[in-house]
Amino acid sequence: MKHSALTIFIAFTLIISSKTVIKAQDGAEIMKKTDQVIFSSKDKQAHVKIIVINDSKDDKVREAVLYQKGPDKKIYRYTQPESQAGVATLSLPEDIMWLYMPAFEKPKKISLLAKSQAFTGTDFSYEDMPTQPYSERYIPKLLSTETNAYVIELLPKSDKSNYSKLVATIDKTNFYFISIAYYDKGNSKAKEAVYKYSKIGKYWNADEVTMTDLKKKSSTKITMSSVIFDQGLSDELFTVEKFMK
């Protein structure tokens with residue numbers, strides 16, 4: 001009788017373990033497909049509009065140009081308002097990021113600690129806007145499969161992350177993000193990003209992303225227009241010397 005009970009327990013444990021492994025494998029496969037959608041183009045240029053909305057109704061509108069090459073090189077350069085024109089960020093491989101403010105004349109390297117801070121006064125942090133693929137930065141696990149979407153838990157690989165986890169909802173057909181919930185170190189939902197995608201040529205593009213900070217009760221909407229893919233942007237553009245100009 002004891003032998004029979006032990007056999008049942010072992011079998012039950014193996015079933016649970018195998019389901020966990022399958023979910024982890026499924027989550028990894030889904031995230032790889034999502035990364036392929038996000039980083040499918042060789043390069044991208046776009047006009048970006050950033051609207052910061054808060055309780056005071058004092059909406060702040062900014063405009064910028066975006067240049068991106070591959071999965072790990074990106075430049076944001078503000079063009080409007082005039083007071084912020086020329087402010088720029090440069091993201092490079094190995095999670096390196098630089099900030100340039102014309103008033104200080106020299107660029108500043110952003111530390112890992114500073115990446116938890118707001119991205120130039122928006123509800124996005126520098127950590128929310130890296131170019132490194134999600135499958136490289138997080139350990140994914142499939143939580144559930146819905147009618148039109150997958151729900152994936154993403155655990156940060158780095159202990160320097162400002163989040164305990166992310167929960168991403170991913171379109172089941174086209175593998176782009178529908179939303180991402182960000183949980184703080186206390187495991188409370190702190191922020192949520194909602195995405196709208198459209199297809200431009202052969203690429204899916206995030207035309208609109210709205211990040212809501214649930215604690216500050218503010219939100220930032222980023223829209224993208226005049227998108228140009230695969231025009232052959234030079235590597236030289238993505239250097240500290242060039243991105244200041």
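Predicted model: local features only at pLDDT ≥ 70, side-chain atom pairs only at ≥ 80, totals over all residues.
Why does Y197 count as buried? Y197 counts as buried because its relative accessibility is 17%, where buried means under 20% relative accessible area, exposed over 50% and partly exposed in between (1.4 Å probe, protein chains only).

Residues are numbered from 1 along each chain as its sequence is written, and side-chain values use heavy atoms, with hydrogens and water left out.

**View 1. The rings of Y176 and Y197 form a stacked pair.** Their centres lie 4.6 Å apart and their planes are at 10°, so the pair is stacked; rings of Phe, Tyr and Trp (its six-membered ring) pair if their centres lie within 6.5 Å, and planes under 30 degrees apart count as stacked, over 60 as edge-to-face and the rest as tilted. Y176, at 14% relative accessibility, also counts as buried.

**View 2. The rings of Y163 and Y182 form a tilted pair.** The centres of Y163 and Y182 are 5.1 Å apart and the planes are at 50°, so this pair is tilted, and both residues are buried.

**View 3. Two charged residues sit over tyrosine rings.** The charged end of R137 is over the ring of Y134, 5.4 Å from its centre, while K191 lies over the face of Y182, at 5.8 Å from the ring centre; the rule asks for NZ of Lys or CZ of Arg within 6 Å of the ring centre and within 35 degrees of the ring normal.
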